[in-house]
Amino acid sequence: MASSTIEAFSDEAADWLSRHATRRAPATPATDDGPAQRWGEGEFSVSVFHSLGFDDERELLQRLKAWTMLKATRGYHAISAPVEFGGLGLDRSYARAFGRLEAQYQTPTAHEAHSVTTRLVAPTIQVYGTEQQQDLIGRFLAARELCCQLFSEPSAGSDLASLACRAVRDGDEWVINGQKVWSSGAQFSEWGELIARHDPDVIKHQGMTAFVIPLDLPGIEVRPIKQMSGGSSFNEVFMTDVRVPDSMRLGPVGEGWKVALTTLGFERDHSDSGGGGRVGGSWRQLLATAQAIGVTDEPVMRQGLMRAYTHHRIEGLVNRRAADLRRAGAAAGPEGSLGKLLWTEGMTLMSSVVSDVLGAKLVADTGEWGTYAWGEHVLGAPGYRIAGGADETQRNIIGERVLGLPGEPRVDKDMPWREVRR
């Protein structure tokens, strides 16, 4: 970029956006609190997990990919990423400035497969990837190909270190057998970040190895799971004698747990959500809904709205602090857990407030714009109390690492995985 100041950068970005996207007609300007929203115009999405059919969800992802790849022609898709990976190598304040500008335009709705690819897997490969794997970073940041996480299993969710999916070394290959579950977007993904157990005879945290694998390898089967929100974004993934080249290993043998923690650290960081809107809706959308319903003068409603706004501002400040620490090179700490916990609690609070605001309009599909759509938020929000590390796990991390409280009893801490009762 030719610009050297954030003002010049913003002017160039605003000009580019005006030539490549349709501007919203906002009732209020876009700010850090969320995108502008003119009531009754454009797409109103506050879903946490999509309730679309397969073809509609695939079309949504194609639009999102196309928009990301268009931004990648100028580096706007990864403003704070290194130049060698297609980014601009600029400070996160530039990314936030672009996000405020982008929110003034009509852009595709966010999707978890896109955010997993660009915000979780790509930066994890940047940390642990080999020279041969570095090419994947630019491809993933630009969303030219999509990824999913192959972490959780039917008997290993919050306690991810208990996973049983096996990886057995066979010369220059690994043979993978096992099952993964809750893999969002797997049916649309070309790649997966896999954590598997290579050694069952050591303690569970030490016997895992990570891989980044193509999902078209023989022996991989993806089965969508029907969700109560109506969609099928989640999936089961079955692997039967899948042969993975050792060149696809991510990080050293035995350091799969460290790789997983790195990815989960990125997942719990919401300091820079990028374009495409915020999963689960925004404070601005909640306020616009209350204004449209005409309840902002009612004291009880105002009190609920202010609780939601206060929580939103605190969450933003915590995430900014986490971003500053990461930019300063500090080791990953409990900030990610605190930010993730605040995010899920914020969605729960938003569900409560919007339920009071809408009343029967929340459950009766009258066709009124921006009302019944909130049902997708209310049905989906509880899922994030588990996704990315359960709330209980986040509280344990905060209690032990911040407050110095005694750790939870772990009877299997020093036992080989094979001897742990399951």
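**Helix packing and selected buried sites in the predicted model**

The axes of helix H4 (residues 112–128) and helix H6 (residues 256–267) approach within 9 Å and cross at roughly 135°. This angle makes H4 oblique to H6, since angles under 35 degrees count as roughly parallel, over 145 as roughly antiparallel, 65 to 115 as roughly perpendicular and the rest as oblique. The structure is a predicted model, in which local features require pLDDT of at least 70 and side-chain atom pairs count only at pLDDT 80 or more, whereas totals for chains, interfaces and linings use all residues. Residues are numbered from 1 along each chain as its sequence is written, and side-chain values use heavy atoms, with hydrogens and water left out. Helices (H or I, at least four residues) and strands (E, at least two) are DSSP runs numbered from the N terminus. Axes are lines fitted to C-alpha atoms, for helices over the stretch in contact, and angles run from 0 to 180 degrees between N-to-C directions.

The crossing of H4 and H6 is right-handed; a crossing is right-handed if the near helix is turned clockwise from the far one by less than a right angle, and left-handed if anticlockwise. On the H4 side the contact (heavy atoms within 4.5 Å) is made by Arg119, Leu120, Pro123, Thr124, Val127 and Tyr128, and on the H6 side by Lys258, Val259, Thr262, Thr263, Phe266 and Glu267. By class, the residues of this contact divide into six nonpolar, three polar and three charged, where Ala, Val, Leu, Ile, Met, Phe, Trp, Tyr, Cys and Pro count as nonpolar, Asp, Glu, Lys and Arg as charged, and the others, Gly among them, as polar.

Thr263, located in helix H6, has a relative accessible area of 0% and is therefore buried (under 20% relative accessible area, with exposed over 50% and partly exposed in between; 1.4 Å probe, protein chains only). Its side chain forms a polar contact of 2.9 Å with the side chain of Thr124. A polar contact is a pair of N or O atoms within 3.5 Å; within protein, one must be able to donate a hydrogen and the other to accept it, and residues adjacent in sequence count only if both atoms are side-chain atoms. Residues up to four places away in sequence not being counted, Thr263 touches Leu120, Thr124, Gln149, Phe151 and Glu193.

Gln149 is also in contact with Ser183, as are Leu150, Ser233, Phe234, Asn235 and Val237, leaving aside neighbours of Ser183 within four places in sequence. Ser183 is placed in the loop between strand E3 (173–181) and strand E4 (191–197), and counts as buried because its relative accessibility is 1%. A polar atom of the Ser183 side chain lies 3.1 Å from the backbone oxygen of Gln149.

Helix H7 (residues 283–293) is mostly covered, with eight of its eleven residues buried, namely Trp283, Arg284, Gln285, Leu286, Leu287, Ala288, Thr289 and Ala290. The helix is followed by Gly294, which has a positive phi near 85°. H7 packs against helix H9 (residues 335–358) at an angle of about 15°, the axes being 10 Å apart; the two helices are therefore roughly parallel to each other. Their crossing is left-handed. Trp283, Leu286, Thr289, Ala290 and Ile293 in H7 meet Met350, Val353, Val354, Val357 and Leu358 in H9. The contact of H7 with H9 comprises nine nonpolar residues, one polar residue and no charged residues.

H9 also meets helix H11 (residues 391–401): the axes come within 9 Å and cross at roughly 140°, which makes H9 oblique to H11. The crossing of H9 and H11 is left-handed. Ser337, Leu338, Lys340, Leu341, Thr344 and Glu345 of H9 and Asp391, Gln394, Arg395, Ile397 and Ile398 of H11 make the contact, which has four nonpolar, three polar and four charged residues. Gly339 likewise lies in H9 and, at 0% relative accessibility, counts as buried. The C-alpha atoms of Gly339 and Glu368, 29 residues apart along the chain, are separated by 34 Å.

Lys204 is found in the loop between E4 and strand E5 (208–214). With a relative accessible area of 7%, Lys204 is buried, and its side chain makes a polar contact of 3.0 Å with the side chain of Asp159. Apart from neighbours within four places in sequence, Lys204 is in contact with Asp159, Ala161, Ser162, Arg197, Asp412, Met415 and Trp417. Lys204 and Glu419 are 215 residues apart in sequence and 10.0 Å apart in space, C-alpha to C-alpha.
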